[in-house]
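Keep the model open as you read.

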Amino acid sequence: LSSFTAPTNGGTRITIFGVNFGLSDPTATVRVSFGGLTPLLVPLETEVVPLPPGFPAGTPAFHAITFRVPEGQGRNKEVVVVVTDQTGVAWPSNAVIFNYLDPVIDTVIPEAGATSSSRYLIIEGSNFGTHGTVLVTYESGGEEVTDILVP
């Protein structure tokens, strides 16, 4: 992969490099399985990349497949190239691992407040994910408290 991480909002262009991706067979269908998502992603671009000088004769040319990362969250997402031949048999490649970026907090509004009343906080940042729950841990009255937020 040209990158092993990307933001959770998706859209980042990533290129997979390898061999035997079926790019020389006009009847083959090439798709990318990303984190087990269905349907498989259709590549934006596919190309055969010339080998640099010095590779032995007969070495297969590298293939490059470019696609956009879907929005998502989490770690250890398997990325697999799936080539379907003219008979309909799907041939998956080995998997490489991809991770979405960790959440980043830029600002908390307000920065301080009274401890005796309930207040809403606005937490701004990036890579908070696309679904699921968010756990916020803070200190209140000298004790650590965890609240569950559903965006």
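This is a predicted model: local features need pLDDT of at least 70, side-chain atom pairs count only at pLDDT 80 or more, and totals for chains, interfaces and linings use all residues. Residues are numbered from 1 along each chain as its sequence is written, and side-chain values use heavy atoms, with hydrogens and water left out.

Q: Is V108 buried, partly exposed or exposed?
A: V108 lies in strand β9, residues 104-109. Strands (E, at least two residues) are DSSP runs, numbered from the N terminus. Buried means under 20% relative accessible area, exposed over 50%, and partly exposed in between (1.4 Å probe, protein chains only). The relative accessibility of V108 is 33%, so V108 counts as partly exposed.

Q: Is I105 buried, partly exposed or exposed?
A: I105 lies in strand β9. Its relative accessibility is 54%, so I105 counts as exposed.

Q: What accessible area do I105, V108, L121 and F128 have together?
A: Patches are made of residues with over 30% relative accessible area and no salt bridge; like charges are joined within 9 Å, nonpolar side chains (Val, Leu, Ile, Met, Phe, Trp, Tyr) within 5 Å. Areas come from the Shrake-Rupley method with a 1.4 Å probe, and for residues only the protein chains shown count as cover. I105, V108, L121 and F128 form a nonpolar surface patch, and their accessible area together is about 350 Å².

Q: Which residues does I105 contact, leaving aside neighbours within four places in sequence?
A: Contact means heavy atoms within 4.5 Å. With those neighbours left aside, I105 is in contact with I123, E124, G125 and F128.

Q: How many salt bridges are found in the whole structure?
A: Side chains of opposite charge can pair when their charged atoms come close. A salt bridge is a side-chain nitrogen of Lys or Arg within 4 Å of a carboxyl oxygen of Asp or Glu. The search of the whole structure finds two.

Q: How many residues apart in sequence are the parts that R13 and E45 tie together?
A: The side chains of R13 and E45 meet in a salt bridge, N to O 2.7 Å. R13 lies in strand β2 (residues 13-18) and E45 in strand β4 (residues 45-49), so the pair ties together parts whose separation in sequence is 32 residues.

Q: Where do R75 and D102 lie?
A: R75 forms a salt bridge with D102, with the closest N and O atoms 2.7 Å apart. The pair ties together parts that are 27 residues apart in sequence, because R75 lies in the loop between β5 (62-68) and β6 (77-84) and D102 in the loop between β8 (96-100) and β9.

Terms used:
Helix = DSSP H or I, 4+ residues; strand = E, 2+ residues; numbered from the N terminus.
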